2 protein chains.
Amino acid sequence: MTYLAKVTVTYKESILDPKGEAINDALHRLGYSNVQSVEMGKYFELKVTGNGQPIEEQVDEMCDRLLANVNMETYQIKIVEVED
Amino acid sequence: MTYLAKVTVTYKESILDPKGEAINDALHRLGYSNVQSVEMGKYFELKVTGNGQPIEEQVDEMCDRLLANVNMETYQIKIVEVED
């Protein structure tokens, strides 16, 4: 079985996100005055082969060890099954 | 009504993703040999106030005009309603 792990990594709420603020300002200048705020983060899509271990636990560990800076970032994981 | 637009921006399939490949290699070195491939992209979370126009159409336009380089990137939009 093959899985697709969709991971979003964003700053913790206490961390300033200047890129997100710059994009928010730019959207206002383009006329989208109904945009209240923008957060910018990273997105990872991992194709993972099932190996009998829980996939979400493995991807969670990959986030802690490599993909996210857990001091200032949080992450969300969504796993979907895909065709091999 | 307030909406949260979750936007992921990734390279088109024909575009090489060296960062994703570097992360794939790093995960293998950490022992995650069941990772087949990694794609790296950008993630935007926009908080948008409803203004009577379809939100998804507006966010689609924001992607085309600002958030994505449509020459080499594709994007996916997911809209959820949130508390004000």
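**Surface, fold and pairing**

Tutor: Chain A has an accessible surface of about 4,900 Å², and 46% of that belongs to carbon and sulfur atoms. Accessible areas come from the Shrake-Rupley method with a 1.4 Å probe; for residues, only the protein chains shown count as cover.

Student: Where does the model come from, and how are things numbered?

Tutor: This is a predicted model: local features need pLDDT of at least 70, side-chain atom pairs count only at pLDDT 80 or more, and totals for chains, interfaces and linings use all residues. Residues are numbered from 1 along each chain as its sequence is written, chains are lettered from A and ligands numbered from 1 in the order in which they are written, and side-chain values use heavy atoms, with hydrogens and water left out.

Student: What pattern does chain A follow along the sequence?

Tutor: The pattern is β-α-β-α-β. That gives two helices and three strands. Helices (H or I, at least four residues) and strands (E, at least two) are DSSP runs, numbered from the N terminus.

Student: Is chain A spread out or compact?

Tutor: Chain A is more spread out than a compact globule, because its radius of gyration is 16 Å, well over the 12 Å that the globule rule gives for 84 residues. The radius is taken over C-alpha atoms, and the rule is 2.2 Å times the number of residues to the power 0.38.

Student: New topic. How much of chain A is buried?

Tutor: Of its 84 residues, 40% count as buried. Buried means under 20% relative accessible area, exposed over 50%, partly exposed in between (1.4 Å probe, protein chains only).

Student: Which helix holds Met62(A), and is Met62(A) buried or exposed?

Tutor: Met62(A) lies in helix H2, residues 55-67. Met62(A) counts as buried, at 0% relative accessibility.

Student: What is Met62(A) in contact with, leaving aside neighbours within four places in sequence?

Tutor: Its partners are Leu46(A), Leu67(A), Leu27(B), Tyr32(B) and Val35(B). Contact means heavy atoms within 4.5 Å.

Student: And Thr8(A), where is that?

Tutor: Thr8(A) is in strand E1, residues 2-11. Thr8(A) counts as buried too, at 12% relative accessibility. Beyond neighbours within four places in sequence, its contacts include Lys42(A), Gln76(A) and Tyr43(B).
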